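Here is a short briefing on a protein model. Read it with the structure open.

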Amino acid sequence: MSQDLEHTSPNHTQTIAEDTSRKNIDVLIENIGKVVKGHREQIIQIITCLIAKGHILLEDNPGSGKTVMAKTLAHSLSGEQAHSDFKRIQFTPDLLPMDLIGSHLYDESNKDFIFKKGPLFCNILLADEINRASPKVQSALLECMAENQISIGDQTYKLEDLFFVIATQNPIEMEGTYPLPNAQLDRFFMKISFGYVSEDIELEIYKKQLEIQRSQDTVEAVLNMKDILALRSKAEEVHVDDEIIKSINNIVRGTREHSGIILGASVRSGIILLKCLRAYAVIHKRNYVIEDDLAALVKPVLQHRLLFKNLSAEGSAIDSIVKTEISRLSRLNLKK
């Protein structure tokens, strides 16, 4: 299934392993994997969102490695300083929008107000337990996640070219939380879960706990900001066959027509899926998208944007829609 429709164009049939920045993606994945054990696919999904110029929501139980993942990614990227600028915000019910954005303070020496930037002015932001803050605080993230800028009064402040939000929420403890509104959920390109690692990996973590801790404390930067920005540019050049685009259209529209789905995916959802597919192809050293990419990304990209009638539909609706489209693409390949 991995060699498919994109082969209709000879310019899109060769892999791109010779590109230095793309080779470094493997180094980045391995670097993070020294600390975050047993979650290679989730690491790839997070890097996919980073390259696609999006943000990611991690929903998992405490102790699954979400915070460690965010810190390790930040330390694996170099900026103007030794590492990229990483900030962590612990979301709580008493948090205020100005705690994120910043505020104007009166400068006695200059007899004027100056703007003191908040933690949103960074490269990688960990929004820990985002659903514990009020909707007013959650909405403070909307503009910066969608437009990479912050407006205060009549002044607009641009954020860093590389601004990436990793938000977490605990699916178990719901008391005192505020469910994210659909407008906020839609800003996250993917929603994923780490889950528990395998028995062998868990045993390895216990045996090598001190070694893993040392690796966490001494994470080396293996990519710089320019590498990530270059990868983003390359992702925009990735070829997507018309049949893959048709499948994206069919899947998005299929979510609106499925009997088990109350609210289907929007056009923006399809655009985000397309961006993620291009980034995912870059990570796998291809300049074309294949149907395997589609099968891997549809659920993490679309699932959190939909409203389902019941738990049964939530567990099976997306899978059935994707299965239909993958079968259609496979039949097209067999005819060629």
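Start with helix H12, where Glu291, Asp293, Leu294, Leu297, Val298, Pro300, Val301 and Leu302 are buried. The model is predicted. The protein has 336 residues, and buried residues make up 49% of them. Its secondary structure comes to 13 helices and 13 strands.

**Helices H12 and H11**

- H12 covers residues 291-302, twelve residues in all. From first C-alpha to last, H12 reaches 16 Å, close to the 16 Å expected at 1.5 Å a residue.
- H11 has 17 residues. This helix spans 25 Å from its first C-alpha to its last, close to the expected 24 Å.
- Buried positions in H11 include Ile272, Leu273, Cys276 and Leu277. Further along, Ala279, Tyr280, Ala281, Val282 and Ile283 are buried too.
- Ser269 and Gly270 of H11 are also buried.
- An α-helix has 3.6 residues a turn, so residues three or four places apart point the same way.

**Nonpolar cores**

- The largest nonpolar core holds 69 residues. Ile46, Ile56, Leu73, Phe164, Ile166 and Leu294 touch the most other members.
- H11 (residues 267-283) gives the most to this core, with nine residues.
- Why does this core lie between domain 1 and domain 2? Domain 1 (16-236) and domain 2 (237-331) both give residues to it, so the core lies between them.
- Leaving aside neighbours within four places in sequence, its contacts include Gln45, Ile46 and Cys49. Ile56 also contacts the run Phe164, Val165, Ile166 and Ala167. Phe188, Met190 and Ile192 complete the list of its contacts.
- Another core, of 28 residues, lies apart from the largest one. Its members include Phe115, Ile130, Ala140 and Met145.

**The five-stranded sheet**

- Five strands form an open sheet in the order S3-S6-S9-S1-S10, with parallel pairing.
- Which strands are at the edges? Strand S3 (86-90) and strand S10 (190-192) are the edge strands, and each pairs on one side only.
- Neighbouring strands of this sheet are turned by 15 degrees against each other on average, direction ignored.
- S3 pairs with strand S6 (residues 124-128) in the parallel sense, over five bridges. Within this pairing, Lys87 has Leu125 of S6 as its bridge partner.
- Strands of a sheet pair through backbone hydrogen bonds, either parallel or antiparallel.

- Strand S4 (residues 102-107) and strand S5 (residues 112-117) run antiparallel, joined by six bridges.
- Ser103 stands opposite Lys116 in S5.
- Four residues lie between the two strands of this hairpin. Lys111, in the turn, has a positive phi of about 55 degrees.

- Among contacts with a separation of 6 or more, 77% join residues 24 or more positions apart.
- Asn224 sits in strand S11 (residues 223-224).
- Asn224 and Ser78 are 146 residues apart in sequence. In space, their C-alpha atoms are 4.4 Å apart.
- Why does Asn224 count as partly exposed? Its relative accessibility is 31%, and partly exposed covers the range between under 20% for buried and over 50% for exposed.

Technical notes:
Residues are numbered from 1 along each chain as its sequence is written. This is a predicted model: local features need pLDDT of at least 70, side-chain atom pairs count only at pLDDT 80 or more; totals for chains, interfaces and linings use all residues. Side-chain values use heavy atoms; hydrogens and water are left out. Two strands pair if DSSP finds at least two bridges between them. Axes are lines fitted to C-alpha atoms, for helices over the stretch in contact, and angles run from 0 to 180 degrees between N-to-C directions. The expected span of a helix is 1.5 Å times one less than its number of residues. Buried means under 20% relative accessible area, exposed over 50%, partly exposed in between (1.4 Å probe, protein chains only). A nonpolar core is a set of buried Ala, Val, Leu, Ile, Met, Phe, Trp, Tyr and Cys residues joined through side-chain atoms within 4.5 Å. Domain bounds come from an automatic or database domain assignment. Contact means heavy atoms within 4.5 Å.
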